[in-house]
Amino acid sequence: MNRQQRIDLMTAPPKILLLDDNHELLSTYRELLAAHLPSKPEIKVASSATRALSMLETEPFSLLIEDLHLPHMDGLQVLSIARRKYPQMRIVVALDPVDFRNGIDGIARVCKEALREDPFCGTVFVFRNRR
C-alpha cells in the first residue's frame, strides 16, 4: 500500500468486507452493521474466499469479518494471507457456536486451538451461543 492509499484509508469512511458462504447470514450481518455502527461504513460482501481475496487486492478495507468454515479454502488460510498482505487491516473470524458450559478454560482453548491466538493477548474475542 502506497502513502496515498494509507491517507485515503484514514480519511475515508471505514470499509468492511464480510466473507461467508451463507447468503442469509451475509445479508443479516450487513443489515445489523449498517443499522448499528455510527460511522456508517461502506459494507461489501463476498461469498467465497477467492472473491474476498480478489476484492482485498483491488481496494482497501479497514475490517474483514470472515467465517472460519468455507468451501475450497478455509478461513484460516484466508486469515493467514490477509494478515501477511494487509497487516493494517483488522480481522474478525466467526466460529461455530460455543458451549459456554465449558467455562473460561474451554473458551480460552478455542482461542488457542482454532484461532491459534493467545486468549490473554489483549485482542477482543466475541463468542456466541447456539441461540
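Residues are numbered from 1 along each chain as its sequence is written, and side-chain values rest on heavy atoms, with hydrogens and water left out. As the model is a predicted one, local features are reported only at pLDDT of at least 70 and side-chain atom pairs only at pLDDT 80 or more, whereas totals for chains, interfaces and linings use all residues.

The protein contains five helices and four strands, where helices (H or I, at least four residues) and strands (E, at least two) are DSSP runs numbered from the N terminus. Read from the N terminus on, these elements follow the order α-β-α-β-α-β-α-β-α. Of the 131 residues in the protein, 33% are buried; here buried denotes under 20% relative accessible area, exposed over 50%, and partly exposed the range in between, for a 1.4 Å probe and protein chains only. Contacts are defined by heavy atoms within 4.5 Å, and among those in the protein that link residues at least 6 apart in sequence, 62% join residues at least 24 apart.

Helix α3 (residues 49–58) has A49, A52, L53, M55 and L56 as its buried residues. They lie on the same side of α3, because they cover an arc of only 160° around the axis, the arc being that of the directions from the helix axis to the C-beta atoms. T50 and T58, on the other side of α3, are exposed. The cover over the buried residues of α3 includes β1 (15–19), β2 (42–46), β3 (63–67) and α4 (75–85). In α4, the buried residues are G75, L76, V78, L79 and A82. These are likewise placed on the same side of their helix, α4, since the arc that they cover around the axis is only 155°. An α-helix has 3.6 residues a turn, so residues three or four places apart point the same way. Among the elements that cover the buried residues of α4 are β1, α3, β3 and β4 (90–94).

Q77, a residue of helix α4, is partly exposed, with a relative accessible area of 40%, and its C-alpha atom is 8.9 Å from that of A49, although Q77 and A49 are 28 residues apart in sequence. M73 belongs to the loop between β3 and α4; its C-alpha atom is separated by 8.3 Å from that of S48, 25 residues apart along the chain. When residues up to four places away in sequence are not counted, M73 touches A49, L53, V78 and I81.

A nonpolar core is taken as a set of buried Ala, Val, Leu, Ile, Met, Phe, Trp, Tyr and Cys residues joined through side-chain atoms within 4.5 Å. The largest such core has 15 residues, and those with the most contacts inside it are L17, L19, L56, L64, V78 and M89. At least two residues of this core are supplied by each of β1, α3 and α4, and the largest share, five residues, comes from α3. Beyond its neighbours within four places in sequence, L56 contacts L17, F61, L64, Y86 and M89. A second, separate core comprises seven residues, including I16, L33, I43 and L63.

The D67 side chain reaches the backbone nitrogen of H69 at 3.2 Å. Apart from neighbours within four places in sequence, the residues in contact with D67 are L19, D20, D21, G75 and A94. With regard to rings, K15 lies over the face of F61, at 5.0 Å from the ring centre; the criterion requires NZ of Lys or CZ of Arg to be within 6 Å of the ring centre and within 35 degrees of the ring normal.

Most residues other than glycine have a negative phi.

Technical notes
A polar contact is a pair of N or O atoms within 3.5 Å; within protein, one must be able to donate a hydrogen and the other to accept it, and residues adjacent in sequence count only if both atoms are side-chain atoms.
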